[in-house]
Amino acid sequence: MALEDAHIMDGLDQLEAQSIFILREAYRKLKPLALLWSLGKDSNVMVWLARKAFMGHVPFPVMHVDTGKKFPEMYAFRDEYVKKWNLDLVLGECPPVEDMDPSLPPAARSAARKTAGLANLIDQHKFRGVVAGIRRDEQATRAKERVFSPRGAGHQWDVRNQPPEFWDQYATPYEEGMHVRVHPLLAWRELDIWRYIEREKIPLVDLYFAKDGKRYRSLGDQDITSPIESNASTVAEVIAELETSRTSERAGRAMDHESEDAFERLRVAGYL
Amino acid sequence: MTQTHSPSSQVRHGVSTPIVIVGHVDHGKSTLIGRLLYDTDSLPDGRLVQIVESSRKRGLAVEWSFLLDSLQIERDQGVTVDSTRIPFQLDGRDFVIVDAPGHRQFLRNMITGAADAEAAVLVVDAAEGVREQTRRHAMLLRLIGINHVIVLLNKADSIGFDEARLKQVEGDIRQLLGRLEINVNQVIPASARDGDNIATRSEKADWYRGPTLLEALSLIQPPASRHALPFRMPVQDVYRFEGIRYVAGRIERGTVREGDLLEIGGQGQEATVAEVCRWHAPHHPVAGAGESIALRLEPDLVPDRGDLLFPAGDEAAAPLKAARLRTRLFWLRGEPLRVGESFRLRLATAEHDVTVASIDAVVDLDDLSLSPADEVPPDGFAEITLAVARNVLFDPFAPGMPDGRGVLVDRHQKIVGGAPLIGPAALPEGAKAIHPTASGVRDAVRAGLRGHGRAVFWMTGLPGAGKSTIARHAEEALSREGLHVTVLDGDTVRSGLCSDLGFSPEDRRENIRRVAHVARILADAGQIVLVALVSPLIRDRAMAKAIIGEDWHEVFVDTAPELCRRRDPKGLYAQAEEGRIAEFTGVSSAYEAPEKPDVVVPGDGDVARSVRHLTDAVHKVVR
Ligand SMILES: Nc1nc2c(ncn2[C@@H]2O[C@H](COP(=O)(O)OP(=O)(O)OP(=O)(O)O)[C@@H](O)[C@H]2O)c(=O)[nH]1
Ligand SMILES: [Mg+2]
């Protein structure tokens, strides 16, 4: 056959195709739908995949739940790409930290604040689908997640009683007040994200790249995320660094380490 | 980890092979994976320390399973609840290891983990041998189409790697899998806890010549390419951006090229592929299986979601077409399945209204034999026939292929079973042929017309408990508020629809079955149905519930037996006690009160109060 053949798909192609499929399912089945844009690397990849799915458009709002504690660079990035990517940005605020359960350890309290901000925003707009960029390899309880993860009224994750999900058939909500968290990046690993960023040339905030021997591997709020020692100042160097790294990505996130089940409890309550 | 040697040339860069670990509860699946990750040095720094700490806190030696059992309840109970997927590298090849729960209660989670696996490791406790979930999981491997199975005889340490005993278990398991037509690739005696024959060869089983688990994993072949098969793309959605219409979908098999003539199944129309569209990728006129793409068609037709695109004008390359479908069912609902129930059949992006036309055979898990039965039990397997209102286009299910992957969902979009489509079903003879048609009117539309939701309140209670009286009063009260109510009363139906029936257990069951179907039809029409029927047996009410589905609400009219006897409005108790009525509930045959009724209406006080109890419950459901 002299004609051109179909591409042989590599791992990134497969992940991309599956994520596009998931985003298209979400857009078709869950209305209104919104995408959580935390401004970090994963959610930028997610916005990018949405543009792949919808021929350069993002046909639903992107939400930024603003803790007010992000790095200034992140706000600048947000304002720049809202315009460049023609995004319909919906902003949400978080209640003051003093309103949160004082018995929680500090980082968990900060997470609870974000959860509350997210819950308010979802309720206010009555979103039935919320696309979030979590990955299984980030954290052991996230490894238990569904691609379509139904949340009851009150946004609780009923982790002991998740619906079956197979053969690309996903649960869609069946009661008032429910919504579904959609996770198109669940199967991606940290390295996949970086290789895809490299391949597609997806823009990122500079904080991910080393300055004075330090860079951020994961970006949360300023007060609860710490940088790692690194000299990786380009995407290619980050990839090379990760290929030999043995520490986990969220090592710099305080809330994961406050107690054995701290993260699980946060997630059950509606945290990402 | 640095790569020591390159993977086999067929493995494409970065493509992951999912492997699921299955088997009976506690046979050591999670332990095995934990140990595998540890032995291959695949754990991130600090993880081992956490596990040692979690184990110590619970007074245990190192519990490798804690690496997978990340939920608090799992560690506390020592049981896996939900499946986990862990990326894993072996000699530069990527795997995803899926830990599946073994407990029967979590079967749906096992399927969630296993359904897309390319190979499975079936873990069997060498001392316990084949158990119930070993069989159930093996059956599921067959139904979801996993053909490559490695058997691990775990905990061989507990029987000292005794060759004779291990050979015995091996024989049992080979027989089981053989009957299911599953290829057994290796049977490996091992100890997950101690690491014998997992990553390194054990000296304790010096008689064993086969591979370690790790070696067996590296022998798994990547799946065959689906490019050479006839093209299929189920339409996922249709978009219009900047005046251009895009038909979006994922190619399930085959390839498509600009200029190809396609048939739009479901519509019976043809169109040419004008462009294969992708965003932010170099233009390429061809796309193949697995790609999520968008097509521009010429003429610019508007297919529906679920329409199947396939090559036009080539009979050999066309899918099958049938309105009666034979399926192999794995049933996941907590209640049994019965003939006559209706569902939506999801097939890729298509959805069809289907009715269970017959249950052809049910699998007996003890010996895997097939036998006729009236119902499919929870977590059961069966061959059933589905009847569809319109023809369905499909390719029969085949292992490792995306074809024919039917899934049944109830009216709330909950998945209740997997139904791989085996092929078209023959029409039964003459009068028995049924061709149910489904209504195109959506529930929400009907609710809008009526101004309220629908429901069936199934009132059960002793003869003389007051069911009919309460139902009739409630009917009046609700009608006055403008609600659409119908009462199905035991005596009333027996004077017409069921006048051919007596009071034997079989006839009572048939009576209940008919009333349930009528209630179902009325509810479908948007009515609120009050059924007043003794319906003494839990089993029969369960049948009615299965027929009626999610609209079912069980109401127990709770009246003391002595009071019913004293009231005896129809003089029946008196006659029964004189022996003039046989099998009279409450006298000569049993009444089984509901264990967990949705509503309890006290039947021995003021009638108005009882009625209010019922109408309050109705309001809550339909408003
Ligand atoms: N002696 C011995 N004990 C083992 C071995 N493998 C696992 N066990 C023990 O068996 C028990 C159950 O192990 P798990 O790995 O949790 O079993 P599982 O199959 O994952 O169980 P579920 O996921 O709940 O179905 C634990 O106490 C393990 O320590 C083994 O090779 N030898
Ligand atoms: Mg387990």
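Visitor: In this predicted model, are B:S30 and B:T80 buried or exposed?
Guide: The model is a predicted one, and the two residues can be judged by relative accessible area, for which the buried class lies under 20% and the exposed class over 50%. By that criterion B:S30 and B:T80 share one class, and that class is buried.

Visitor: Why is helix α4 (residues 107-114) of chain B described as largely enclosed by the rest of the structure, and what covers its buried residues?
Guide: Helix α4 of chain B is largely enclosed because 8 of its 8 residues are buried, among them B:L107, B:R108 and B:N109. The cover over these buried residues includes β1 (17-23), β2, β3 (93-99), α5 (132-144) and β15 (320-331) of chain B.

Visitor: With which side chain does the side chain of B:R454 make a polar contact?
Guide: B:R454 is found in the loop between α8 (443-450) and β25 (455-460) of chain B, and at 14% relative accessibility B:R454 counts as buried. The side chain of B:R454 makes a polar contact, at 3.0 Å, with the side chain of B:D551.

Visitor: What area is buried between chain A and chain B?
Guide: The contact draws 57 residues from chain A and 82 residues from chain B. Carbon and sulfur atoms give 54% of the buried area, which is about 6200 Å².

Visitor: How many salt bridges does the rule find across the interface of chain A and chain B?
Guide: A salt bridge is counted when a side-chain nitrogen of Lys or Arg lies within 4 Å of a carboxyl oxygen of Asp or Glu, and the side chains of B:E74 and A:K144 meet in one at 2.9 Å, N to O. Across the interface of chain A and chain B, the number of salt bridges found is 7.

Visitor: Which element gives the largest share of the side of chain A that touches chain B?
Guide: Across this interface the rule finds 30 residue pairs in polar contact. On the side of chain A, the elements that give two or more residues are α1 (11-29) and α2 (41-53) of chain A. The largest share, 11 residues, comes from α1(A).

Methods: Residues are numbered from 1 along each chain as its sequence is written. Chains are lettered from A and ligands numbered from 1 in the order in which they are written. This is a predicted model: local features need pLDDT of at least 70, side-chain atom pairs count only at pLDDT 80 or more; totals for chains, interfaces and linings use all residues. Side-chain values use heavy atoms; hydrogens and water are left out. Contact means heavy atoms within 4.5 Å. Buried area is the accessible area (1.4 Å probe) that two parts lose on being put together, summed over both. A polar contact is a pair of N or O atoms within 3.5 Å; within protein, one must be able to donate a hydrogen and the other to accept it, and residues adjacent in sequence count only if both atoms are side-chain atoms. Helices (H or I, at least four residues) and strands (E, at least two) are DSSP runs, numbered from the N terminus. Buried means under 20% relative accessible area, exposed over 50%, partly exposed in between (1.4 Å probe, protein chains only).
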